Amino acid sequence: MQSVCILGATGSIGESTLDVIARHPDTFSVYALTAHSRIEKLADQAARTGARVVVVPDDAAARQFGQVWGRSPGAMPEVRVGAQALVDTAADAAVTTVMAAIVGAAGLPSALAAAQAGKRVLLANKEALVAAGNLFMQAVRDNGAELLPIDSEHNAIFQCLPHGDRASAPTAPARGVRRLVLTASGGPFRNTPLADLAAVTPEQACAHPNWSMGRKISVDSATMLNKGLEVIEAHWLFAMPADRIQVLVHPQSVVHSMVEYDDGSVLAQLGQPDMRTPIAYGLGFPNRIASGVGLLDLAAKGRLDFEAPDFDRFPCLRLSFDALRAGQGACIALNAANEVAVAQFLDRRISFMAIAQVIDASLQSLASSFGQAPASLEDVLALDRAARARAEALCRRAALY
Ligand code: NDP
Ligand code: MG
């Protein structure tokens, strides 16, 4: 029986995880659930799953949880409060498996704590790897943690690579692998005239053609910064240099990614664009378990298309490759500036096109502080804070109103 902690349970990945777990009551039990703002939803999830622990950000949220719970039958779970509680719960001795599905660098300390505690870590929170790939992968190795990539592309690559029954953290590319090919849908603006991009709204940016996801990652998909973060994520997960990671636009989102071998073989993983497939793979590994995802009807799809990405239309993609080559400080700044810029875009304070400009200007103005790779979580968080402050100042300058 796996005892599961879901960090970010109230989000899109959290919900999909609960959906898969509910199909296998004899294999998984829910020990802990965490939320940030959706406390009613958290209470509903806790009541449904019988979670023993919930984690909320502050006392006001804890009071709200208590009030909402008053209406449900059954014993109230233990309510833990604050950032340290998040870290402690990820490392709780009662937990075997942690789904790291908080959005943004806010999820780094708890994801890292799960790795340091030697858990089976199902990693959806790509920003944790972008900001602290070296620390995170080292923690997995040093503490015998199991690392299962949940991001669909990385889950696909993992499935196409040779591995035994334990998922670990490689220090060199898998033998015989020439390239990793990350597929990208191209998002909602793949064919939008460039002149129209300046005026696109948050609603348009969040309307992804194939995937239903949280708002931040939906905007990242629209700028293709998401694919850039995924290139950096792939670099760390598979110990692969930047020049052996290719991005390929594939609008149907059926081929989730590919591995090209030295002999010319290319292995791909296909499936519906539904995160329950990679989540079920991570939960069940090394076995295959039912996810609730239906059959893939390729005859109905009719065709699969592929094209090279347009780096001019999507400058965030180039910025991401540049950051990966420049080193970890640049990756932290890229991610932090993007989180700030996306939040400001969703608040309608800056335009869609300003997102890339703010990231670019943040990276340029911070370049002198990128020197050594950060050696500790504190170093990472300090650089993250500095980059956020810089990006916020730049956003004020870029403001529309
Ligand atoms: P959502 O926005 O749907 O959910 C985010 C979760 O994180 C929510 O539970 C939210 O709580 C919680 N949260 C937000 N801010 C904080 C904070 N400061 N501290 C603690 N918890 C916080 O995001 P997604 O589920 O879409 O994405 C989660 C992660 O998975 C991201 O890193 C994303 O890149 C990655 N991912 C997502 C995919 C998808 O299909 N959705 C695909 C591949 C990767 P609350 O809702 O209560 O405010
Ligand atoms: Mg992805």
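Predicted model: local features only at pLDDT ≥ 70, side-chain atom pairs only at ≥ 80, totals over all residues.
In which helix does N335 lie? N335 lies in helix α15, residues 328-346; helices here are DSSP runs of H or I with at least four residues, strands are runs of E with at least two, and both are numbered from the N terminus.

Residues are numbered from 1 along each chain as its sequence is written, chains are lettered from A and ligands numbered from 1 in the order in which they are written, and side-chain values use heavy atoms, with hydrogens and water left out.

Now to N335 itself. With a relative accessibility of 0%, N335 counts as buried, where buried means under 20% relative accessible area, exposed over 50%, and partly exposed in between, for a 1.4 Å probe and protein chains only. Leaving aside neighbours within four places in sequence, N335 is in contact with A105, E127, V130, K216 and L229; contact means heavy atoms within 4.5 Å. N335 and A131 are 204 residues apart in sequence, yet their C-alpha atoms are 7.0 Å apart in space.

Let me turn to the domains. The chain is divided into domain 1 (2-149), domain 2 (177-301) and domain 3 (327-399), with bounds that come from an automatic or database domain assignment. Between domain 1 and domain 2, the C-alpha centres lie 24 Å apart. To their contact, domain 1 gives 26 residues and domain 2 gives 25 residues.

How much area do domain 1 and domain 2 bury between them? The value is about 2,200 Å², with 72% of it on carbon and sulfur atoms; buried area is the accessible area, taken with a 1.4 Å probe, that two parts lose on being put together, summed over both. On the side of domain 1, V20, K126 and V130 lose the most area to domain 2, together 24% of what that side buries.

The polar part of this interface can be listed as well. Eleven residue pairs, both members at pLDDT 80 or more, are in polar contact across the interface of domain 1 and domain 2. A polar contact is a pair of N or O atoms within 3.5 Å; within protein, one must be able to donate a hydrogen and the other to accept it, and residues adjacent in sequence count only if both atoms are side-chain atoms. The elements giving two or more residues to the side of domain 1 that touches domain 2 are α1 (12-22), β6 (120-123), α6 (126-142) and β7 (146-149). By class, that side has 13 nonpolar, seven polar and six charged residues; Ala, Val, Leu, Ile, Met, Phe, Trp, Tyr, Cys and Pro count as nonpolar, Asp, Glu, Lys and Arg as charged, and the others, Gly among them, as polar.

In α1, the buried residues are I13, G14, S16, T17, L18, V20 and I21. Their cover includes β1 (2-7), β2 (28-34), α2 (39-49), β5 (97-100) and α12 (276-284). In strand β7 we find L147, which is buried at a relative accessible area of 3%. Beyond four places in sequence, L147 is in contact with V121, L123, F136, M137, V140, A167 and L237.

I come to the salt bridges. Side chains of opposite charge can pair when their charged atoms come close. The rule asks for a side-chain nitrogen of Lys or Arg within 4 Å of a carboxyl oxygen of Asp or Glu, and by this rule the count comes to 22 salt bridges. Across the interface of domain 1 and domain 2 there are three. K216 and E127 meet in a salt bridge at 2.8 Å, N to O, and both K216 and E127 are among the contacts of N335.

R303 and D305 have their closest N and O atoms 2.7 Å apart; R303 is exposed at 55% relative accessibility, whereas D305 is partly exposed at 24%. R388 bridges to D384 at 2.8 Å. Because they are four residues apart in helix α17 (residues 377-398), R388 and D384 are separated by about one helical turn. R388 is partly exposed at 21%, and D384 is buried at 9%. Finally, salt bridges that share partners join K126, D151, E153, K227 and E230 into one network.
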